[in-house]
Amino acid sequence: MVAITAPGSIERIPLVRYPKANAGPTAVIPAIDLSAPGAAAAVADACGSLGFFRATNHGVPAGLADALEAGAMAFFALPHQEKLDMSGPASPLGYGSKSIGSNGDVGWLEYLLLSVGSGSVVGSSLPPSLRMALEEYTDAVREVGGRVMELMAEGLGVAADERAVLRRMVVGIDGSEEMVRVNHYPPCSCLLPPGRDCGVTGFGEHTDPQIISVLRSNCTGGLQIKLRDGRWVPVPPDPDSFFVNVGDSLQVLTNGRFRSVKHRVLAPEGTQSRLSVIYFGGPAPSQRIAPLPQVMREGEQSLYREFTWGEYKKAAYKTRLGDHRLGPYELPTAAGAAEVAAK
């Protein structure tokens with residue numbers, strides 16, 4: 001890693017460059033038709049092996065994403081102070097640029113992080129067209145997330161009458177903590193000489209702490225995921241699909257059968273910005289996070305100590321992006337059960 005100083009639209013700030021993703025095939029990303037027979041088994045396999053997959057045939061009209069993308073790009077084109085005045089500074093909700101959290105992480109991006117509650121996006125004075133686009137888009141993607149969580153439960157072998165066990169923690173529950181994040185990564189090809197093997201970090205490597213994340217981006221790439229063998233591989237952009245991440249909480253709820261995936265974003269080097277929108281499905285702060293009885297086998301030990309989502313979120317806000325947040329919750333006495341849970 002090498003520190004650099006970034007000029008341009010996001011002001012001067014020390015940034016970091018990372019080695020680019022390993023060369024190699026990108027077909028490692030599973031593509032799953034959510035309406036196809038066998039989708040539940042495919043979802044479970046992808047979540048267990050990679051913690052990540054591309055969802056197709058999801059049913060969200062393309063016009064919803066197009067309207068949100070247009071509104072978001074118009075918002076990010078406004079002067080810095082106007083954006084702050086409209087949504088307030090991120091603390092953590094609101095408009096942010098450069099700084100990610102309060103513990104020193106920085107990136108080549110600006111963003112909106114908003115709460116989703118009671119069918120509306122909570123944001124101070126966003127332009128009405130952007131607010132409407134966010135609400136319509138989020139309503140549709142929430143349903144995709146709920147359907148995916150039911151497929152996850154089915155793929156885990158949960159009985160038919162209990163397959164809403166994950167969905168019920170997030171969708172339609174008073175107090176559940178759903179959020180939407182809109183990330184804008186301006187191009188920064190001027191920062192480094194051509195022919196190098198490093199790129200400017202837009203968003204540093206991390207796992208998502210929630211149960212599930214559902215991402216959609218425009219045609220500009222930059223997203224990378226980390227494989228179990230330590231290699232970073234690029235995720236080709238596909239505006240017609242959604243990309244689903246397993247979150248830390250889901251890893252615990254499945255007792256390690258599903259694994260949260262480390263991912264990062266390198267800032268674009270061409271002439272086009274990257275815009276991504278992520279729906280985060282989190283439960284209510286009082287929700288108990290522990291392995292689900294529906295997935296535990298007789299005699300199986302928990303790999304984690306129990307906690308609430310509120311406790312985990314509070315602890316996550318005190319960490320750096322790349323920290324192993326689940327580490328303090330792992331039970332060393334159950335280390336030998338990890339292979340059993342993964343089978």
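Select F307, W309, Y312 and Y329: these four residues form one aromatic cluster. Rings of Phe, Tyr and Trp (its six-membered ring) pair if their centres lie within 6.5 Å; planes under 30 degrees apart count as stacked, over 60 as edge-to-face and the rest as tilted. This is a predicted model, in which local features need pLDDT of at least 70 and side-chain atom pairs count only at pLDDT 80 or more, while totals for chains, interfaces and linings use all residues. Residues are numbered from 1 along each chain as its sequence is written, and side-chain values use heavy atoms, with hydrogens and water left out.

**Aromatic pairs**

The structure holds 8 aromatic pairs. Go to F75 and Y95, an edge-to-face pair with 6.1 Å centre to centre and 70° between the planes. F75 belongs to helix α2 and Y95 to strand β5 (residues 94–100), so the pair ties together parts that are 20 residues apart in sequence. Helices (H or I, at least four residues) and strands (E, at least two) are DSSP runs, numbered from the N terminus. F75 is buried at 1% relative accessibility, and Y95 is buried at 2%. Buried means under 20% relative accessible area, exposed over 50%, and partly exposed in between (1.4 Å probe, protein chains only).

**Helix α2**

Select residues 62–76, the 15 residues of α2; from first C-alpha to last the helix reaches 21 Å, close to the 21 Å expected at 1.5 Å a residue. That expected span is 1.5 Å times one less than the number of residues. Now colour A65, L68, G71, A72, F75 and F76, the buried residues of α2. They are on the same side of α2 because they cover an arc of only 135° around the axis; the arc is that of the directions from the helix axis to the C-beta atoms.

**Charges over rings**

Show R181 with Y111: the charged end of R181 sits over the ring of Y111, 4.0 Å from its centre. Then show R264 with W232, where the charged end of R264 sits over the ring, 4.1 Å from the centre. The criterion is NZ of Lys or CZ of Arg within 6 Å of the ring centre and within 35 degrees of the ring normal.

**Salt bridges**

A search of the whole structure finds 14 salt bridges, each a side-chain nitrogen of Lys or Arg within 4 Å of a carboxyl oxygen of Asp or Glu.

Select R142 and E178, whose side chains meet at 2.8 Å, N to O, in a salt bridge. The pair links distant parts of the chain, with R142 in helix α4 (residues 128–155) and E178 in strand β8 (residues 177–185), 36 residues apart. R142 is buried at 10% relative accessibility, as is E178 at 5%.

Next, select R167 and E143, a salt bridge with its closest N and O atoms 2.8 Å apart. R167 lies in helix α5 (residues 167–170) and E143 in helix α4, so the pair ties together parts that are 24 residues apart in sequence. R167 is buried at 17% relative accessibility, whereas E143 is partly exposed at 40%.

Finish at K313 and E177, whose side chains meet in a salt bridge (2.7 Å, N to O). Helix α7 holds K313 and strand β8 holds E177, so this pair ties together parts that are 136 residues apart in sequence. K313 is partly exposed, at 23% relative accessibility.
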